[in-house]
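Please open the structure in your viewer and keep the selection panel at hand. The stops below say what to select next and what is there.

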Amino acid sequence: MPVYSFRNKDTDEEWEDMMSYSASEKYLEENPHIERFIGKAPGLVQATGDRTKTPNGFKEVLSKIAENNPNSKLANTYGKKDKKSVIVRDAVQRVQKKLGDNISE
């Protein structure tokens, strides 16, 4: 439910209440001396923890995509890390770099 900021026009008292939009409209109709205002940006998402860390379940999905696209940038980060896969990937990157944009994918 959203949090609304209210102000008493008579006393300039300000406060916040959590209620639905329809409840806030009804409250304002019943109290003409109260007005709704925007005091600060609404906190729609509560940030907890490290939001830049990729969850393990999603890493697994990315690794499956990387396996199916071994020449992609995603494969460099989430692809197989065994010796053979790394050697093949590096060789393909060297050839791509050498040929530049002339490669047809």
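The tour goes from a helix to a pocket and then to the salt bridges.

This is a predicted model, in which local features need pLDDT of at least 70 and side-chain atom pairs count only at pLDDT 80 or more, while totals for chains, interfaces and linings use all residues. Residues are numbered from 1 along each chain as its sequence is written, and side-chain values use heavy atoms, with hydrogens and water left out.

Begin by selecting residues 83–99, which form helix H4; helices (H or I, at least four residues) and strands (E, at least two) are DSSP runs, numbered from the N terminus. H4 has 17 residues and reaches 25 Å from its first C-alpha to its last, close to the 24 Å expected, where the expected span is 1.5 Å times one less than the number of residues. Step on to Gly100, which follows H4 and has a positive phi, near 70 degrees.

Next, select Ala66, Glu67, Pro70, Asn71, Ala75, Gly79, Lys80, Lys84, Ser85, Val88 and Arg89, which line the second largest pocket. On a 1 Å grid over the protein atoms alone, a pocket is an open set of points where a 1.4 Å probe fits, with protein on both sides within 12 Å along at least five of seven lines, and lining residues have an atom within 4 Å of a point. This pocket has a volume of about 220 Å³, a volume being the space filled by probe spheres set on the points, which are joined across faces, edges and corners. Helix H2 (56–68) and H4 each supply at least two residues of the lining, and H4 gives the most, with four.

Now show the side chains of Arg7, Glu14 and Glu35, which salt bridges with shared partners join into one network; a salt bridge is a side-chain nitrogen of Lys or Arg within 4 Å of a carboxyl oxygen of Asp or Glu. Between Arg7 and Glu14 the closest N and O atoms are 3.2 Å apart. Glu35 and Arg7 meet at 3.0 Å, N to O, and this pair links distant parts of the chain, with Glu35 in strand S3 (residues 34–37) and Arg7 in strand S1 (residues 3–8), 28 residues apart.

Finally, select Glu60 and Lys64, whose side chains meet in a salt bridge of 3.6 Å, N to O. Because they are four residues apart in helix H2, about one helical turn separates Glu60 and Lys64. A search of the whole structure finds four salt bridges.
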